[in-house]
Amino acid sequence: MSNLTPPMVGQTATWLSIVSQLFTTRMASLLEPHGLTPAQFNLLNHITRPDLQGGTRISDIAAAVEVNQPAVTKAAAKFQNMGLIDLIEDKHDKRVRIVKPRPEAQMLIGQIRQSIGPDLFTAFSAIDDDEIEGFLRNLKKLGGWLSDNRRP
């Protein structure tokens with residue numbers, strides 16, 4: 001049986017929105033020197049996943065990260081100009097583009113993580129050591145549920 005109440009759900013949703021906005025603003029500031037927005041960083045993180053090294057379609061990226069195709073196409077063009085990805089035409093359908101990460105993309109992700117790490121470490125140290133594992137576990141659980149139950 002759950003102890004969940006409407007006021008608790010409302011407060012949780014409110015705080016999740018507040019924290020999300022504050023974190024996104026902080027990430028924008030941290031990513032600015034690298035020439036990326038938080039949305040572009042998320043896309044690049046997705047594209048460089050080990051299971052996608054062979055490449056993935058723009059439409060699949062858009063669906064996975066819940067961004068429209070034109071935004072992914074625009075970011076992909078930027079990444080291509082930065083030498084981070086190759087855009088390959090599908091052999092069967094010339095309208096389809098495959099995004100294939102280059103080693104430079106993974107190197108940039110590593111550099112960004114190293115440069116923003118100290119700031120994020122300081123931010124997350126606001127949570128007690130004995131609570132951080134539970135916090136992470138709950139974030140993963142919520143993220144998994146939201147991913148499995150996407151709204152149309």
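Modeller: A residue is called exposed when its relative accessible area is over 50%, buried when under 20%, and partly exposed in between. The model here is a predicted one.

Biologist: What makes Arg-95 count as exposed?

Modeller: Arg-95 has 72% relative accessibility. The cut-off is over 50%, so Arg-95 counts as exposed.

Biologist: Arg-95 forms a salt bridge with Asp-93. Why is that pair called a salt bridge?

Modeller: The closest N and O atoms of Asp-93 and Arg-95 are 2.9 Å apart. The rule asks for a side-chain nitrogen of Lys or Arg within 4 Å of a carboxyl oxygen of Asp or Glu, so the pair qualifies.

Biologist: Is Asp-93 buried, exposed or partly exposed?

Modeller: Asp-93 has a relative accessible area of 22%. Buried means under 20%, so Asp-93 is partly exposed.

Biologist: How many salt bridges does the rule give?

Modeller: The count is eight. Among them is the pair Asp-119 and Arg-26, with the closest N and O atoms 2.6 Å apart.

Biologist: What does the pair of Asp-119 and Arg-26 tie together?

Modeller: Asp-119 lies in helix H5 and Arg-26 in helix H1, so the pair ties together parts that are 93 residues apart in sequence.

Biologist: How do you know which class Asp-119 and Arg-26 belong to?

Modeller: Asp-119 has a relative accessible area of 23%, and Arg-26 has 40%.

Terms used
Residues are numbered from 1 along each chain as its sequence is written. This is a predicted model: local features need pLDDT of at least 70, side-chain atom pairs count only at pLDDT 80 or more; totals for chains, interfaces and linings use all residues. Side-chain values use heavy atoms; hydrogens and water are left out. Helices (H or I, at least four residues) and strands (E, at least two) are DSSP runs, numbered from the N terminus. Buried means under 20% relative accessible area, exposed over 50%, partly exposed in between (1.4 Å probe, protein chains only).
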